[in-house]
Amino acid sequence: MTEVRNEQKPAQPLPWHADIWAQWSHQLHDDRLPHALLITGLPGLGKRTLARALAHRLLCEAPQGPHACGHCEACQMMAAGFHPDWHQLSPEAEGKALKIDQIREMTLQVQQSAQRGGHKLVLIWPAEAMNLYAANALLKTLEEPEPRTQFVLVSDQPSSLPATLRSRCQHWKVQPPPLSQGQDWLAHQLSEDQCPQQLLKAAGGRPLQALKMARPEQEQQRQLLYEALDRLTRDAEVTEVASQLKSLPLADCLDSLQNWLADSLRYTLFAEAGVQDVRQLPLYQQWHALMSVRQRIKLDLDCRQARLGLKQNPNPELFIENLLISLTKELGHE
Ligand SMILES: [Zn+2]
């Protein structure tokens, strides 16, 4: 079971999805897979890969045991990225809301019988991007399920979903793999000069997050952020620093900042041995002297709060500036 590097192969569950996959396979075999599934878990655990694997399995016209065959016409359509009974719903742009019109359009489509006579499958990601109207419209659709229509909602932040909607879905939480399993998988994806152990550690044990962090452009983005933190610590102007960061993807910027804060806390709590990114030690030492644990936890909460604001499609420079202002407040540079 490997990640889909080759688009022609059907999506497969990842090794650490094995338990969930086995349970789904049993449910499918007994024809009691609930019509709405909610897959949750931290980012970087392959939740969408798991959802796509289920889609491939359900739409495949000659499945082999628990897996799609990869050869039939339906599998070829899936591999080409088009199957008439496969509906993927996401916001029109990253960070934007998923709108009621998108849910309505999908509902109209799934009310018709499957074009290829089998299952229909709807993937909604990220489910928390649905605004309240969209979530209510989906709730109505889930309350009157069409036969052989499978809904899969994928969410990093299920607590942002209305409780009524959550209660309509069977909930599956993807957990990070044991370290050795994550490293083995990662080693197969990376080039030889990259260290799976180090990357996985820096990614908090989340293999796909580690893979993302291994990309050169991600490393460059992190360096920019670290330089900004260093400059702010040395009392640089917030507006000037913010304008240098405005081109970074905001969600990645928040991820990196939260990872950095968590690692700086590990330094305070466990000293050098607990740190994941030793290159940051000089800055962690400064922050240890300048800022309490409580203050850094407060900053982490500010980041979480800021993340909710991403849905409103904020002005990047202002967004970064506000984030940096809360940082400098805690640094006492007001
Ligand atoms: Zn097939």
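## Close-up views of a predicted model

View 1. The zinc ion is held by four protein donors, the SG atoms of Cys 60, Cys 69, Cys 72 and Cys 75, which lie 2.2 to 2.3 Å from the metal. The structure shown in this and the following views is a predicted model. The arrangement is tetrahedral because the four donor atoms around the zinc ion subtend angles of 105 to 116°. For four tetrahedral donors, the ideal angle at a metal is 109.5 degrees. Along the chain, the donors of the zinc ion are spaced as C-x8-C-x2-C-x2-C. Cys 60 belongs to the loop between helix H2 (47-59) and helix H3 (73-79), whereas Cys 75 is part of helix H3, so this pair ties together parts that are 15 residues apart in sequence.

View 2. Cys 195, by contrast, is partly exposed, with a relative accessibility of 34%. No disulfides are found in a search of the whole structure.

**View 3. His 87 in strand E2.** His 87 lies in strand E2, which spans residues 86-89. Its relative accessible area is 10%, below the 20% limit, so His 87 counts as buried. The side chains of His 87 and Gln 109 are joined by a polar contact of 3.2 Å. Beyond its neighbours within four places in sequence, His 87 is in contact with Gln 109, Val 110, Leu 121, Val 122 and Leu 123.

**View 4. The largest nonpolar core.** This core comprises 35 residues, and those with the most contacts inside it are Trp 24, Ile 39, Leu 54 and Val 152. The elements that each give two or more residues to the core include helix H1 (18-29), strand E1 (36-40), strand E3 (120-124) and strand E4 (149-155), together with helix H7 (179-189), helix H8 (196-202) and helix H9 (207-213). H2 contributes the most to this core, with seven residues. Another core, of 34 residues, lies apart from the largest one and includes Leu 250, Tyr 284, Met 291 and Leu 323.

**View 5. The surroundings of Leu 54.** Leu 54 is one of the residues with the most contacts inside the largest nonpolar core. When neighbours within four places in sequence are left aside, Leu 54 is in contact with Trp 21, Trp 24, Leu 28, Leu 33, Leu 37, Leu 121, Gln 150 and Val 152.

How values were computed: Residues are numbered from 1 along each chain as its sequence is written. This is a predicted model: local features need pLDDT of at least 70, side-chain atom pairs count only at pLDDT 80 or more; totals for chains, interfaces and linings use all residues. Side-chain values use heavy atoms; hydrogens and water are left out. Helices (H or I, at least four residues) and strands (E, at least two) are DSSP runs, numbered from the N terminus. Buried means under 20% relative accessible area, exposed over 50%, partly exposed in between (1.4 Å probe, protein chains only). A polar contact is a pair of N or O atoms within 3.5 Å; within protein, one must be able to donate a hydrogen and the other to accept it, and residues adjacent in sequence count only if both atoms are side-chain atoms. Contact means heavy atoms within 4.5 Å. Donors are N, O and S atoms within 2.8 Å of the metal (3.2 Å for Na, K and Ca); water is not among the atoms, so sites may look incomplete. Four donors count as tetrahedral if all angles lie between 85 and 135 degrees; four count as square planar and six as octahedral if opposite donors are over 155 degrees apart and all others between 65 and 115; anything else is irregular. A disulfide is a pair of cysteine sulfur atoms within 2.5 Å. A nonpolar core is a set of buried Ala, Val, Leu, Ile, Met, Phe, Trp, Tyr and Cys residues joined through side-chain atoms within 4.5 Å.
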